[in-house]
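Me: Got a structure open here. Can you walk me through it, quick questions and quick answers?

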Amino acid sequence: MGHKIFISYKYADTDVKNLPNLTGCTVRDYVTEFQNKIYDEDDINKGEEDDDDLSRFTDDTIWKKLKDRIYDSSVTVIFISPNMRELDKEDRDQWIPWEISYSLKETSRKTKTGKSVASKSNAMLAVVLPDSNGSYKYYLESKTCCFSFCTMHHTEKLFNIFRKNKFNLKNPITKKCKNNENVIWTSLNSSYIDAVKWEEFIYDYRKYIDMAIERQNNIDDYNIQKEL
């Protein structure tokens, strides 16, 4: 059985690696690549379609369309790209934080018969896109400071609500690096919004969606931040 997937992303970020046979790629091209995968299987894309030009709508209308789609979805996939966050704008003035917030909230609506139905917090997953040089280091950086290799997540680049839902497992297993300065999280599923590289995700996206749903089933194990 497929899943209703909402995709959250910065449409016009051009600082991403060109996909095969494409030049001048934006994040939207990666969304299209993922959508093509979805259409080949049972999953349903609840995000923006290629022919859905939201620019002709008012902000209120756009937000209503987004809320309706998120409400009727069960999984939210966030594409992390180098310029996802506009530093000259407040978080609440950008779409992605609101999409994350609404995805995590349990929202009630009334059916035609007047019955109140609440949506669950969505399963959440972040996909890190390679920058224009093909590197993931701007967010995922391999480190050699501990006895076994580890990866640093540059969470300072994320929106506040996004950052607070990283490494938010209530009872994690951790250890110190050999330099005794940094803490290494060794628990599986240590973040409710886990992150995976694009190349790994697109190869077997169902695997990572299923892992996100497993975290959703155990959401009480996490300190969830739902407000901006």
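Predicted model: local features only at pLDDT ≥ 70, side-chain atom pairs only at ≥ 80, totals over all residues.

Me: Which residues line the largest cavity?
Reply: I80, S81, P82, M84, R85, Y138, Y139, K157 and L158. That lining divides into six nonpolar, one polar and two charged residues. Here Ala, Val, Leu, Ile, Met, Phe, Trp, Tyr, Cys and Pro count as nonpolar, Asp, Glu, Lys and Arg as charged, and the others, Gly among them, as polar.

Me: And the second largest cavity, what lines that?
Reply: The second largest cavity holds about 30 Å³. Its lining is I70, Y71, Y102, S103, K105, S119, K120 and N122. Helices α2 (59-71) and α3 (95-104) are the elements that give two or more residues to this lining. By class, the lining has three nonpolar, three polar and two charged residues.

Me: How are helices and strands assigned?
Reply: They are DSSP runs, numbered from the N terminus: helices are H or I with at least four residues, strands are E with at least two. The protein has six helices and 11 strands.

Me: Is α3 mostly covered or mostly open?
Reply: Mostly covered, with eight of its 10 residues buried. Buried means under 20% relative accessible area, exposed over 50%, partly exposed in between (1.4 Å probe, protein chains only). The buried residues in α3 are I96, P97, E99, I100, S101, Y102, S103 and L104.

Me: What share of the whole protein is buried?
Reply: 45% of the 228 residues.

**Strands**

Me: New topic. Why is β3 largely enclosed?
Reply: Because six of the six residues of β3 are buried. Both faces are covered: V75, V77 and F79 are buried on one side, and T76, I78 and I80 on the other.

Me: Which strands does β3 (residues 75-80) pair with?
Reply: One is β1 (residues 4-8), parallel, over four bridges. Another is β6 (residues 123-128), also parallel, with six bridges. Strands pair if DSSP finds at least two bridges between them.

Me: Where is R215, and what does its side chain reach?
Reply: R215 is in helix α6 (residues 205-217). R215 counts as buried, at 2% relative accessibility. Its side chain reaches the backbone oxygen of M124 at 3.0 Å. That is a polar contact: a pair of N or O atoms within 3.5 Å; within protein, one must be able to donate a hydrogen and the other to accept it, and residues adjacent in sequence count only if both atoms are side-chain atoms.

Me: What else does R215 touch?
Reply: Leaving out residues up to four places away in sequence, R215 touches M124, L125, N189, S191, Y192, D194 and Y222. Contact means heavy atoms within 4.5 Å.

Me: What about S73?
Reply: S73 lies in the loop between α2 and β3. S73 is buried, at 8% relative accessibility. A polar contact of 2.9 Å joins its side chain to that of N122.

Me: Last one. F149, buried or exposed?
Reply: Exposed, with a relative accessible area of 73%. F149 is in the loop between β7 (140-143) and β8 (150-153). Beyond its neighbours within four places in sequence, F149 contacts K143 and T144.

Key
Residues numbered from 1 in each chain as written. Heavy atoms only, no water. 1 Å grid on protein atoms, 1.4 Å probe; cavity = no way out; pocket = protein on both sides within 12 Å on 5 of 7 lines; lining within 4 Å. Points joined across faces, edges and corners; volume = space filled by probe spheres on them.
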